[in-house]
Every structure is written in C-alpha cells, then in structure tokens.
Amino acid sequence: MEIFAQQIFNGLTVGSVYSLVALGLTLVYGILHIPNFAHGALYMMGGYITLTMMTKFGLYYWIAIMISMVIVGLMGVLMERLIFYPLRDAPPIQDKIAAIGILLFLEAFAQFVWGADYQTMPTPYGQVVSVMGLTFTMQRLLIIISTVVVMILLFLFLKKTFIGSAIIAMSQNREGAHLVGINTNKMAMLTFMISGALAAIAASLSSPINLVFPGMGHLVILKAFVIIIIGGMGSIPGAIIGGYILGFAESLGATYISNDYKDIFAFILLVLILTFKPTGLFAKGGHS
Amino acid sequence: MLKLKGVSVQYGAYKAVRNVDIEVGKGEIVVLLGSNGAGKSTVFKTIGGLHKCTEGEIMFEGKRIDQSSPAQIVKTGIVQCAEGRKLFPRMTVYENLMMGAFIHRKQKKEIENTLHEVYELFPILKEKRNDLAGSLSGGQQQMLAIGRALMSKPKLMLLDEPSIGLAPIIVAQMFEVIKQINKTETTILLAEQNANAALHIAHKGYVLENGSIVVEGSSEELFADDNVRKAYLGA
C-alpha cells in the first residue's frame, strides 16, 4: 500500500509537468490548428535560461523562473510573428516543417551556447520529507503545488477575463472572432506568449529532478502530443487530465510491470484509447 | 452612411464582385437580393474587412474603411451576422453575448444595459443563457447571432441571409425583430433570397447577379419590376 501511495505521488509529480507542457501545446493548437513541434525546444530553452540565471547571475530560483517565463514567452511570440504568421495561408504541411526547423535550430543553438553536456539545476528545495509513510523531496511537492496554482490562474484568466475568453472564442471560430472585433493577430501572439511561459515553468520545475541538456524536450514533447491526442486536440481539460493519466500510468507501470518499459506506456495508452475512442477523451462536441 | 463605389473583389483569376455601387442611408433598411453565388456574402465580407477589394472604395460616415482590419471596422460601428452564424459553439449563450461586447469590454455598466435590451428582444436567450450555443436550434442560434451583434451597439448591422434554413414561422418572427432593431436607430443592410419578406420591411434594394448590380430602386420599384417579380417573387 505504501509503495502504491508513493507511486501515486510520483505520478502526480510527473503528470503535473506533462500537463503544463501539454496545456501550452493544446492552446497553440487551438489557435493555429497545427501541432507545434517546436514546443519541445521552448521547454528546453526554459530549462537552460533558468539554469543560466541561477548559475551565471546568481539569481534566486523563483526569480530565475520568472525571467525564463518572460524570455521563452517572447521567443514564442517571435516564433509566431517570424515563422507561423507569414505561413498563415500556406498549406498546413509547411507549418509543420517550419516547426521542425525551429526545433532543430534551437537545439543546435543550445548546444552551441551551453554545450552538449548534461547539467544539474540546483534547487533550494532539495530537502527530503517524510509524511505518513511517504518520502519525497520538497521539489516534488513544489512541482505539484505550483502546477495547481498555474492551472487555477490560467483557468481564471481564460474563463473570467474578456481577453482570455477571446482566446477560447478564437479557437472555436476564428471568423466569429473577427466578427465581434477581436484582433486575432494580438490573440495569436498572446497565446504563443502563454504557451512559451508554460513550457518554461514546466522545464524549470522539473529540471532539478531531471537534468538540463539540448535533447531534454524530445521525450516530453512526444508525450505531450500523446496527451493532447488522448485528451482531444485543442481541449484544455483534456490536456490536464491526459497529463495526469499518463503520469500515473508511467509511475504505476514502472513499479508493477517494468521500469525498463516506462516510456512505452504512453504509447500503449495512446493505442488503447484511440482504439476505443478515436476522437480522444474530451472530443469537442457541439456545432455552430 | 455607407457607400461602396466601384467595388470589385477578385479571388485569383475569378472576379466574384464587379464594379458594385451601393449606398445605405442612416436609419434605412436596405436589401441586397440575389441567388446563391451571386456575390452577396463576398460584398458583406468585403465591407467587414474579411476580404480586401481589388478595385473601388468603401466609405463609412465619410471615412475610408476598405484598408481597415476587421477589428477596426467593428470599432467604427459596423457589425455583421454572417451566413452560418459563426457562433462559439462550446461557449454558453451568455458567454457568446459577452464576446459580442468585446470592443466595449471596459464599460461594464453599458454592457449590462445592452444585455438587458438583448434579453428583452429575445427572451429565449435569457432562458437558455447557460446552455451551450452549439446545442441551440437553428432559429435560436440565429437569434443569438443577432443578439451577439447587437451587444457591440452597432450603427450599421449587416445581416447575411438571416432566414436561411428556418421554419416559416421563425422567419416571420425574424423579420419582425429586424424591423424592431431598425426602430432603435440601427441601420440595416440585409442580404436575402427571401425577396418577398425582405422587400416588405426594406426601404430600398439592390439585385446582384454574377457579382454585378443589375437592378436598384425603392422597395415599391423592385416589387413592380418585371424581372424581379419573375426571378425572385415567383410571379
């Protein structure tokens, strides 16, 4: 029972990071209607920028994260303006190829600036705590709590503010958004900004328990794609719940089946869920 | 109030609208008649800034708007109920209406008042305010599309085929509502295939065929025109 509880806790930690990455991905998908493969590179940049702010500039962990969120958010905006906006009327395959191009470019850039070595991110929350038989580091608890806070803030922004609702409206009907006077260019930039910031916070939270390296976004982004497909492309609740489903499946699978096959569970889940529910768990219903 | 002068719109090699002149006076209901594919929706989308005209100019209250973005055009006071309604299907009726007030988002009190007026005009929207727009019937969706447009407090409202796909009784209600909206000093440009009902409420009209205006005149003149009677009134 204790092992089970421990694995549920670990699942929550891993699922939190996945959900944050998948949320950014699904928000952009809602606006662009293309899978942004470069999102994994934004995640990696988030890790490196936080690390650099802490080690080179000696900034405190949270301040480094804030700066990283702003920089990666702006990188997202730049990506939208320079690459995706000019391709808005091009065939969809070109966006996808461009996204892969950005991913490769940013990885090469990271390797050039920071080298190919694996680096460790220090954290002020390395203490090990034991509560009711559960043993964990404070960093893991921090990941869970921060993710919940970020999700609540995002939810309030999207649901309770005009600008946030405009993002949702635009993802549901772009022409309808034009008709009510929403500036769709600004909304697209804002969405990329939020998406980049989410990737940066996810990477900064998870890096102290993983490592920072140029390819750190690969597996995470692949799994984030699995999550948004499982959850229903463009669905926000789908991204959150999908992230946690995957987190639990991985940590329980690693304990009770085999740790060696940990990374394959995501894809087994994908096959199973798509077999029974091809549109994903939270497929968008309704019609206009 | 609105003036289209020699407007042409071209998609690649295809000219969808040719040299169109339309004038809409303040407080009028003007109808644009034409069959499917005549170019009505293209004219509307061009006024709304969703298409750019390849020739000609569009003036609204003395200012050129043909180079403005859709968002800027809504801010000048032109709002559009497009064909297909273009609602936000997974948002509630209330949320859709609120999005209609996007350009006035800082004026909370005014939004409340306009919402009250829209609910008075369409009581069903108040009743269904927590339902998803995508779950409404066709007639209710059309009411929501008009209600959402009214939330922006427009000076000019473009209605693209509001009666399409609706039951006859709902169509009659819809035209009654359009008359009521016009009484509150909102000018209306209406694109319709249902010529009979449209001409009954309109002050004047234009007939569009293959992208060009072929007949124009007051409603009485159009009712009396033999070609219009044959082609659109079933006489």
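The model is predicted. Chain B and chain A bury about 2,400 Å² between them. Carbon and sulfur atoms give 66% of that area.

**Extent of the interface**
- Chain B brings 27 residues to the contact, and chain A brings 24 residues.
- On the chain B side, B:Phe88, B:Arg90 and B:Phe102 lose the most area to chain A.
- Together these three residues account for 27% of what the chain B side buries.

**Polar and charged links**
- The rule finds 3 salt bridges across the interface of chain B and chain A.
- One of the salt bridges joins the side chains of A:Glu175 and B:Lys86, at 3.8 Å from N to O.

**Makeup of the chain B side**
- Four elements of chain B each supply at least two residues to the side that touches chain A: helix H2 (70-76), strand E6 (78-81), helix H3 (93-100) and helix H6 (138-150).
- H3(B) gives the most, with 4 residues.
- By type, the chain B side divides into 16 nonpolar, 5 polar and 6 charged residues.

**Helix H6 of chain B**
- H6(B) has 13 residues.
- From first C-alpha to last, H6(B) reaches 18 Å, close to the 18 Å expected at 1.5 Å a residue.
- H6(B) is largely enclosed by the rest of the structure, because 12 of its 13 residues are buried.
- Among the buried residues are B:Met143, B:Leu144, B:Ile146, B:Arg148 and B:Leu150.
- The buried set also includes B:Gln140, B:Gln141 and B:Gln142.

Notes:
Residues numbered from 1 in each chain as written. Chains lettered and ligands numbered in written order. Predicted model: local features only at pLDDT ≥ 70, side-chain atom pairs only at ≥ 80, totals over all residues. Heavy atoms only, no water. Contact = heavy atoms within 4.5 Å. Buried area = accessible area lost by both parts, 1.4 Å probe. Salt bridge = Lys/Arg side-chain N within 4 Å of Asp/Glu carboxyl O. Nonpolar A, V, L, I, M, F, W, Y, C, P; charged D, E, K, R; others polar. Expected span 1.5 Å × (residues − 1). Buried < 20%, exposed > 50% of the residue type's maximum accessible area, 1.4 Å probe, protein only.
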